[in-house]
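Student: Hi! Could you walk me through this fold before I set anything up?

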Amino acid sequence: MMEVVKHPNPILSIAVPVFNFDDPPESPTDVATRLISVMNNHKGIGLSANQLGYPYRVFCMRGYPENYVCFNPKIVYTSPEMTLMEEACMSFPGVAVKIKRPKDIRVRFQTPSGAIVTHKFEGLTARTFQHELDHMDGNVFFNRANRFHREKALKGFYNVR
């Protein structure tokens, strides 16, 4: 089973380039299959390629009736309504922190076939999309938390290691 890259690995802090469908570094379908497999094996709800050490702009997330694999994702609209919810991350075992994010978003991404699609997500799906997109941009999720919540969460992380 592939292991998830853990903080403070530098790949988690750099923005990854656009996945080039004209000259792909590997089969987009293979990347999608691998991401979903690892996410499922680790019982996650989302996983970005850079969490596996790949510098690809793609992530997967749980969905219904099927999972989403999002290549070159973008948020094209965020609702003004915000929600505060606890988030965790496979790259930060044992760390959970409250983060405020837009409740609803409209997004655009490419599927493994390269087709461009637009979706509206809300609730946990919207939050997961935003969390995984942060990985693509090299933003560590707990940096979005206020200082109190961030310090409380990280104190436990560094004391456990």
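Tutor: Here is a short chat about the sheet, the helices, the cores, the cysteines and the rings.

Student: Great, what should I know about the model and the numbering?

Tutor: This is a predicted model, where local features need pLDDT of at least 70, side-chain atom pairs count only at pLDDT 80 or more, and totals for chains, interfaces and linings use all residues. Residues are numbered from 1 along each chain as its sequence is written, and side-chain values use heavy atoms, with hydrogens and water left out.

Student: Okay, what is the strand order in the open sheet?

Tutor: The order is β1-β2-β3-β6-β7, 5 strands with antiparallel pairing. Two strands pair if DSSP finds at least two bridges between them; helices (H or I, at least four residues) and strands (E, at least two) are DSSP runs, numbered from the N terminus.

Student: And which strands stand at the edges?

Tutor: β1 (46-48) and β7 (116-122) do; each has a single partner strand, so one side of each is left without a neighbour in the sheet. On average, neighbouring strands of this sheet are turned by 40 degrees against each other, direction ignored.

Student: How many bridges are there between β2 and β3?

Tutor: There are 4, joining residues 58-61 of β2 to residues 68-78 of β3 in the antiparallel sense. Cys 60 stands opposite Val 69, and Phe 59 has Cys 70 as its bridge partner.

Student: Where do the helices go?

Tutor: Helix α1 (residues 28-41) packs on the sheet and touches β1, β2 and β3 (contact means heavy atoms within 4.5 Å), with its direction at about 45 degrees to that of β2. Helix α2 (residues 123-136) lies across β1, β2, β3, β6 (104-110) and β7, at about 155 degrees to β2. Axes are lines fitted to C-alpha atoms, for helices over the stretch in contact, and angles run from 0 to 180 degrees between N-to-C directions.

Student: Which residues have the most contacts inside the largest nonpolar core?

Tutor: Leu 35, Leu 47 and Val 58, in a core of 16 residues. A nonpolar core is a set of buried Ala, Val, Leu, Ile, Met, Phe, Trp, Tyr and Cys residues joined through side-chain atoms within 4.5 Å. Buried means under 20% relative accessible area, exposed over 50%, partly exposed in between (1.4 Å probe, protein chains only). The largest share of this core, 5 residues, comes from α1. A second, separate core has 13 residues, including Ile 105 and Phe 129.

Student: Switching topic, how many disulfides are there?

Tutor: The search of the whole structure finds 0, a disulfide being a pair of cysteine sulfur atoms within 2.5 Å. For Cys 60, the closest cysteine sulfur is in Cys 70, 8.6 Å away and too far for a bond. Cys 60 is buried at 0% relative accessibility, and Cys 70 is buried at 0% too.

Student: Last one: how many aromatic pairs?

Tutor: The count comes to 11. Rings of Phe, Tyr and Trp (its six-membered ring) pair if their centres lie within 6.5 Å; planes under 30 degrees apart count as stacked, over 60 as edge-to-face and the rest as tilted. Phe 19 and Phe 21 are edge-to-face, 5.2 Å centre to centre with 65 degrees between the planes.
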